[in-house]
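Here is a short report on one fold. Look at the sequence and the model first, then read on.

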Amino acid sequence: MDDPNTPPNRSHGRKAIRPSLKPRELMDPTPELVRVWKAQVITLLPEAFPGILGLSLTGRALKDGLWQLETVPLRQFGEGKHRNVDDTPAGGGAGMVLRPDVMAAAIDDARTRIAPSAPLIYLSPRGRPMTQNMARSLATGPGMTLICGRFEGLDQRVIDHYNMVEVSLGDFVLTGGEIAAQSLIDATVRLLPGVLGNEASTEEESFSDGLLEHPQYTRPAEWRGMEIPSVLMSGHHGEIAKWRRSQSEELTRNRRPDLWSAHRARNKSD
Ligand code: SAH
């Protein structure tokens, strides 16, 4: 049982992906939802999930079976009596590194329960920064397997062997990949059909056209002496759209010159 190549038995088995549900499985209270977008998360902290994803719109969609979440507890694949998952860095230095053999056992087990085309993503500060386009593209696929690092991160060999896509939440260092994983899942799940009540709302928000969103206002019409811009109260839809567009452009130009020049270059080549 302590052979690291043999994952320990689970207290509750998981169902393998099958092309369709058989009558017996339809009676199972938690069948594997075939062809439903799936996030798998390999983590030392499975109790951190669903976390915020279990609340509000993403939580309702999870209950309604519009997407599914599976946590893969890395500890179960650990070595020996203490289920060790880490060791000291080769070459010395502070902290611990996650072992490649333990991580590989967890990955090989997890990948039997997800479509082979689902990307294998390692959340890492060295990765490509998360973007709306990334979320959009992930939402069109079957799902994703996410790997949350802890301590000093993963042994490089396991990253190379599985040709992992590395994705970063931003230019700062977190203690673990779980918050980054939840961010990527949230940004993706809200784009799945039926998750947001109002489908139109993802078409007009920030980044949809490579621009930041215009300012928003609501009642009361006057607050602390400040009024809502009169054009928004005019009822002229054409004027409102024009105003919003120019606000969007101005905000993007001032705050995010990087997004602004990309937007200009794209529109020139169209
Ligand atoms: N020693 C590493 C940082 C390890 S932080 C380095 O300097 O690059 C521990 C884990 O937290 C990482 O393995 C990664 O999974 C996660 N993490 C930290 N910062 C992150 C970020 N900006 N985006 C995504 N994941 C991050």
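## A helix across a sheet

Helix α3 lies across β1, β2, β5 and β6, and runs at about 160° to β1. Axes here are lines fitted to C-alpha atoms, for helices over the stretch in contact, and angles run from 0 to 180 degrees between N-to-C directions. Two residues are in contact if their C-beta atoms, placed from the backbone, lie within 7 Å. Helices (H or I, at least four residues) and strands (E, at least two) are DSSP runs, numbered from the N terminus.

This is a predicted model: local features need pLDDT of at least 70, side-chain atom pairs count only at pLDDT 80 or more, and totals for chains, interfaces and linings use all residues. Residues are numbered from 1 along each chain as its sequence is written.

**The sheet.** Five strands form an open sheet in the order β2-β1-β6-β5-β7, with parallel pairing. Strands pair if DSSP finds at least two bridges between them. β2 and β7 (165–168) are the edge strands, each pairing on one side only. Neighbouring strands are turned by 35° against each other on average, direction ignored.

**Strand β6.** Is β6 mostly covered or uncovered? It is mostly covered: 6 of its 6 residues are buried. Buried means that 20 or more other C-beta atoms lie within 10 Å of the residue's own; exposed means 12 or fewer, and partly exposed is in between, with C-beta atoms placed from the backbone. In a regular strand the side chains alternate between the two faces of the sheet. In β6, G143, T145 and I147 point one way, while M144, L146 and C148 point the other way.

**Helix α3.** This helix has 12 residues and reaches 16 Å from its first C-alpha to its last. That is close to the expected 16 Å, taken as 1.5 Å times one less than the number of residues. V102, M103, A105, A106, I107 and A110 are buried in α3. The buried residues of α3 pack against β1, β2 (68–73), β4, β5, β6 and α5 (156–161).

**The core.** A nonpolar core is a set of buried Ala, Val, Leu, Ile, Met, Phe, Trp, Tyr and Cys residues joined through C-beta atoms within 7 Å. The largest one has 38 residues, of which I42, A106, L123 and L146 touch the most other members. α3 gives the largest share, 6 residues. Beyond its neighbours within four places in sequence, L123 contacts residues including L146, I147 and V167.
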